[in-house]
Amino acid sequence: EPRTFLGYRRADGRAGTRNYIAVAGASNCAAHAVSEIEAVFRGENFSGSGIDGVVSFPHGDGCGQSEGPDTEQLRRTLDGVMDHPNVAGSIIVGLGCEVNQISYYLHEGGNGSSGARRGLTLQESGGTRNVVRDGAKAARELIDRAGRLERVECPAAKLVLGTNCGGSDGFSGITANPALGYCSDLLVKQGGTTVLAETPEIYGAEHLLTRRAVTPEIGRKLLRQIEWYKEYVGRFGSSFDDNPSPGNKAGGLTNIAEKSLGAAIKSGASPLAAVVEYAERISTPGFVYMNTPGHDPVSLTGLAAGGANIIIFTTGRGSAIGFPTIPVIKVATNSRMFRHMQSNMDVNAGSIADGEEDIRQVGERLYRLMLEVASGRRTFAEQLGHREFVPWRIGPVM
């Protein structure tokens, strides 16, 4: 049966579940300035304005790194979180002399999500105080423009669901993750998109994904990503066997293959329609795989930059995480942890292990909640102000 949510339609055909003004730093040298621009609006009542607020994206990269894959990936990441369906307008702030110049982001047409984009540097504005003043002024101009937008009915097909698991335990693969997989399949049946990530955490279960690839090349691309990742961690004397974490082991997981078998099931049973790189724009509906680390904030950042407009995150040990512009729904794998961390967990999938519900029932409950959150219902991560944003730094420090 066709389902809908109340979202923000964008000129490029996408739909937002939130409506923010984003202020991103081009480099670590602008991190303080963008945080101060956000602080100008802290506590301001945006009720009735049509926007959800002004949020900043400070980070520690953008200079002291070489041109090439590392800088290109950072640019793709920052461009993705600004040119995003949940963002009505954006500002990029730099120091002025860093490797990651703001000129890259000021392409013709501005923000592809139908908003506008502004660019500032501390050196041109005349220092920190002046760039904060100029940034706040630019943000208010964008707020006036964004405030004209209202939520309208959108088909569920406009949802791009990012899936992630962190602080997993022995229940993850039998409660929350298969329930999320059921929810993912419901969304795909509506024409929507679900995205699985975390390459170190599909190792040992990749055969379950490649056999679902719609073409041999898509399956081979996934295998190439795994081989690249093995070579990548091998440069530092590491391997996939360094996973699971101590917390995973304390929760009952014994090795990476066991962890991966439980993690991969978040994708449900839909055909694998596409495989993309970290922070690459997701444009194919259906089940998509993205190459990301298993480290939660880095993985969520990649999913967000790729265009995920809602995220469901499962946890057995109790992971507290969110994202500046995207609602993150937290799902507990066991009832004990759910009761212990009720102010962080939105859904208890431990009811499956308790014999009170089955996978289908929890999956349908997750699906209904996803539509409610997409329509504006705030998650606990949003209420608590969780704003984790960590781009993936893959190259050397110069």
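Guide: Gladly! One term before we start: two strands count as paired if DSSP finds at least two bridges between them. Please keep in mind that this is a predicted model.

Visitor: What is the strand order of the open sheet of 7 strands?
Guide: The pairing in this open sheet is parallel. Its edges are strand 10 (272–276) and strand 14 (347–348), each of which pairs on one side only. Reading across the 7 strands, the order is 10-11-9-8-12-13-14.

Visitor: Which residue of strand 9 is the bridge partner of Val 160?
Guide: Val 160 is on one side of strand 8, together with Gly 162 and Asn 164. Strand 8 pairs with strand 9 in the parallel sense, over 3 bridges. The bridge partner of Val 160 there is Thr 193.

Visitor: Which residue in strand 11 is the bridge partner of Thr 194?
Guide: Strand 9 (residues 193–196) and strand 11 (residues 286–290) run in the parallel sense and share 4 bridges. In strand 11, the partner of Thr 194 is Phe 287.

Visitor: At about what angle does helix 7 run to strand 10?
Guide: Helix 7 spans residues 216–234. This helix lies across both strand 10 and strand 11. With strand 10 it makes an angle of about 40°.

Visitor: Is Ala 273 buried, partly exposed or exposed, and what is its relative accessible area?
Guide: Ala 273 has its place in strand 10. Leaving aside neighbours within four places in sequence, its contacts are Val 214, Ile 218, Thr 284, Pro 285 and Phe 287. Buried would need a value under 20%. Ala 273 is therefore partly exposed, with a relative accessible area of 22%.

Visitor: Where is Ala 279, and what is its phi near?
Guide: Ala 279 is found in the loop between strand 10 and strand 11. Ala 279 is buried, at a relative accessible area of 2%. Most residues other than glycine have a negative phi. For Ala 279, phi is positive, near 65°.

Visitor: What is the phi of Glu 198, about?
Guide: Glu 198 is in the loop between strand 9 and helix 6 (206–210). Its relative accessibility is 1%, so Glu 198 counts as buried. Although Glu 198 is not a glycine, its phi is positive, at about 70°.

Visitor: Which residues are closest to the centre of the largest pocket?
Guide: Rolling a probe the size of a water molecule over the atoms shows where empty space is left. The largest pocket holds about 510 Å³ of space. Among its 27 lining residues, the closest to the centre are Tyr 20, Asp 52, Gly 53, Arg 378 and Arg 387.

Visitor: How does the lining of the largest pocket divide by class?
Guide: The elements that give two or more residues to this lining are strand 4 (53–57) and helix 14 (380–384). By class, the lining has 10 nonpolar, 8 polar and 9 charged residues.

Visitor: About how much space lies in the largest cavity?
Guide: The structure has 1 cavity of 30 Å³ or more. Lining the largest cavity are Asp 61, Gln 65, Asp 70, Leu 74, Pro 391, Trp 392 and Arg 393. They divide into 3 nonpolar, 1 polar and 3 charged residues. The space inside is about 30 Å³.

Conventions: Residues numbered from 1 in each chain as written. Predicted model: local features only at pLDDT ≥ 70, side-chain atom pairs only at ≥ 80, totals over all residues. Heavy atoms only, no water. Contact = heavy atoms within 4.5 Å. Axes fitted to C-alpha atoms, helices over the stretch in contact; angles between N-to-C directions. 1 Å grid on protein atoms, 1.4 Å probe; cavity = no way out; pocket = protein on both sides within 12 Å on 5 of 7 lines; lining within 4 Å. Points joined across faces, edges and corners; volume = space filled by probe spheres on them. Nonpolar A, V, L, I, M, F, W, Y, C, P; charged D, E, K, R; others polar. Buried < 20%, exposed > 50% of the residue type's maximum accessible area, 1.4 Å probe, protein only.
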